[in-house]
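Please keep the sequence and the structure in view while reading.

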Amino acid sequence: MRIAVTGLGLVTAAGVGVPGTWERLCAGVPTCAPDPDLEGLPVPFACRVPAAPLKAAAPGLAWRTDPFIRFAVAAAREAVADAGLDQSAWDAPRVAVVIGVGSASHDLTPKASAALAARRFQAMSPTLVPRSAPNMAAGYVGMTLGAEGPNLCTSTACASGTTAIGTAALLLRAGMCDIAIAGGSESISPVTSSAFWRMGALSTRTHDPAGASRPFDSDRDGFVLGEGAGVLVLERAADARARRARPYALLTGYGASGDAHHATSPHPEGAGAQRAMHTALADAGLSPQDVDHVNAHATATLLNDRIEAHALHAVFGTPPPVTATKSVLGHALGAAGAIETVVGALTLRHQLIHPTANLDRIDDGIDLDIVTKQARPTRVEAMITTSFGFGGQNAALVLQRC
């Protein structure tokens with residue numbers, strides 16, 4: 001059963017709304033910049049969502065929610081409006097919400113920990129749990145939009161958003177809903193930045209923040225934290241046709257796998273990544289040769305980029321043109337896969353692959369056709385987007401042109 005993508009919503013460091021992010025991606029201009037909230041930390045830069053447009057897009061929520069919830073609400077509102085759906089007229093119990101979030105938000109964790117250590121229990125915010133629990137992004141989207149169907153959170157680390165979209169497609173195929181609002185959301189905190197730095201995962205290119213996110217480049221030294229949300233409205237293709245919606249793309253394949261190998265390192269041969277891609281292709285009824293483009297996970301870490309390139313060769317032989325959205329927007333963790341799926345749908349609509357920023361000299365161990373320097377107009381009938389998370393949790397989606 002084919003699933004139609006009928007609405008898109010984005011909140012990224014390039015702004016609130018799909019057009020601003022797409023324009024920034026096609027221009028290939030990175031969003032990474034010094035971050036005042038991270039000042040004094042080992043890595044004081046990130047790809048941060050601008051505050052003012054977010055406040056306008058998700059009003060009245062700031063005092064009781066952490067940013068990842070507001071990101072999800074703003075992106076979901078845009079996606080539903082984009083789909084031309086009338087919330088007052090839809091069958092609310094048949095509208096599902098599935099939002100992936102990689103980990104608990106830590107905005108108030110330092111204050112809460114300090115209050116706990118001082119035995120000042122009344123100083124702890126009563127909103128601490130509902131403002132930061134991962135499931136609350138889906139909860140608030142459901143409350144805001146009046147969606148009363150299945151309401152779920154998927155948490156598969158950096159594959160969370162992709163897993164959410166795949167899960168939403170399964171709900172539609174199973175007849176458990178008629179509309180699914182699906183995506184991923186994540187926000188940055190000093191705790192998150194410090195913890196990833198301590199693992200050695202972040203770029204420390206402090207002299208050049210804009211040049212720090214360098215997927216596949218020989219001078220890459222780790223990923224750059226990003227934040228935001230990507231949300232899609234999904235419907236069965238027949239239902240979309242019946243209401244004369246104009247889909248961006250068809251979601252035809254979903255694959256998921258587990259490495260069963262290591263807590264933070266991928267399988268050295270990318271075996272789990274290969275299984276996820278093969279499963280997604282089989283689900284779509286496509287062969288590897290039918291795929292015209294890959295939006296890669298491409299974090300810019302030394303090990304992962306090489307393993308991903310190896311996995312792409314194992315699946316495709318000669319892989320089709322590849323791009324890396326994280327080079328412009330940073331790594332938005334649980335939101336990344338959903339943002340990249342929205343970008344994939346836009347690629348199919350516009351027949352244009354955005355460039356990978358900061359790729360000056362490709363790593364000697366990587367042999368891929370990576371779109372760089374400028375956007376590439378090309379015929380794209382089918383594309384695949386991949387996400388790989390800690391715990392060896394992998395997911396892939398296949399989108400096809402309508």
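Thr-167 lies in helix H7, which spans residues 160–173; helices (H or I, at least four residues) and strands (E, at least two) are DSSP runs numbered from the N terminus. The model is predicted, so local features need pLDDT of at least 70 and side-chain atom pairs count only at pLDDT 80 or more, while totals for chains, interfaces and linings use all residues. Residues are numbered from 1 along each chain as its sequence is written, and side-chain values use heavy atoms, with hydrogens and water left out.

With a relative accessible area of 19%, Thr-167 is buried (under 20% relative accessible area, with exposed meaning over 50% and partly exposed in between, for a 1.4 Å probe and protein chains only). Apart from its neighbours within four places in sequence, Thr-167 is in contact with Val-98, Leu-152, Thr-154 and Tyr-254, where contact means heavy atoms within 4.5 Å.

Helix H7 also meets helix H13 (residues 336–350): their axes come within 5 Å and cross at roughly 65 degrees. Axes here are lines fitted to C-alpha atoms, for helices over the stretch in contact, and angles run from 0 to 180 degrees between N-to-C directions. Gly-161, Thr-162 and Ile-165 of H7 touch Gly-337, Ala-338 and Thr-341 of H13. These residues divide into 2 nonpolar, 4 polar and no charged; Ala, Val, Leu, Ile, Met, Phe, Trp, Tyr, Cys and Pro count as nonpolar, Asp, Glu, Lys and Arg as charged, and the others, Gly among them, as polar.

Helix H13 has a further contact, with helix H1 (residues 18–27), and the axes of H1 and H13 come within 11 Å and cross at roughly 75 degrees. The two helices are therefore roughly perpendicular to each other (angles under 35 degrees count as roughly parallel, over 145 as roughly antiparallel, 65 to 115 as roughly perpendicular and the rest as oblique). From H1 the contact involves Val-18, Trp-22 and Leu-25, and from H13 Val-343, Leu-346, Thr-347 and His-350.

How is helix H6 placed relative to helix H3? The axes of H3 (residues 67–82) and H6 (residues 136–145) come within 9 Å and cross at roughly 45 degrees, and the pair is therefore oblique. Residues making this contact include Phe-68, Ile-69 and Ala-72 of H3 and Met-136, Ala-137 and Tyr-140 of H6. By class, the contact has 11 nonpolar, 1 polar and 1 charged residues.

Helix H6 is largely enclosed by the rest of the structure, because 8 of its 10 residues are buried. Among the elements covering those buried residues are H3, strand E5 (95–100) and helix H5 (128–132). After H6 comes Gly-146, whose phi is positive, near 70 degrees.

Strand E9 (residues 249–258) runs antiparallel to E15 and is joined to it by 8 bridges; two strands pair if DSSP finds at least two bridges between them. In this arrangement Gly-258 stands opposite Gln-393 in E15. Strand E14 (residues 382–389) also pairs with E15 in the antiparallel sense, over 8 bridges, and Thr-385 stands opposite Leu-397 in E15. E14 and E15 form a hairpin with 3 residues between them, and Gly-391 in the turn has a positive phi of about 85 degrees.
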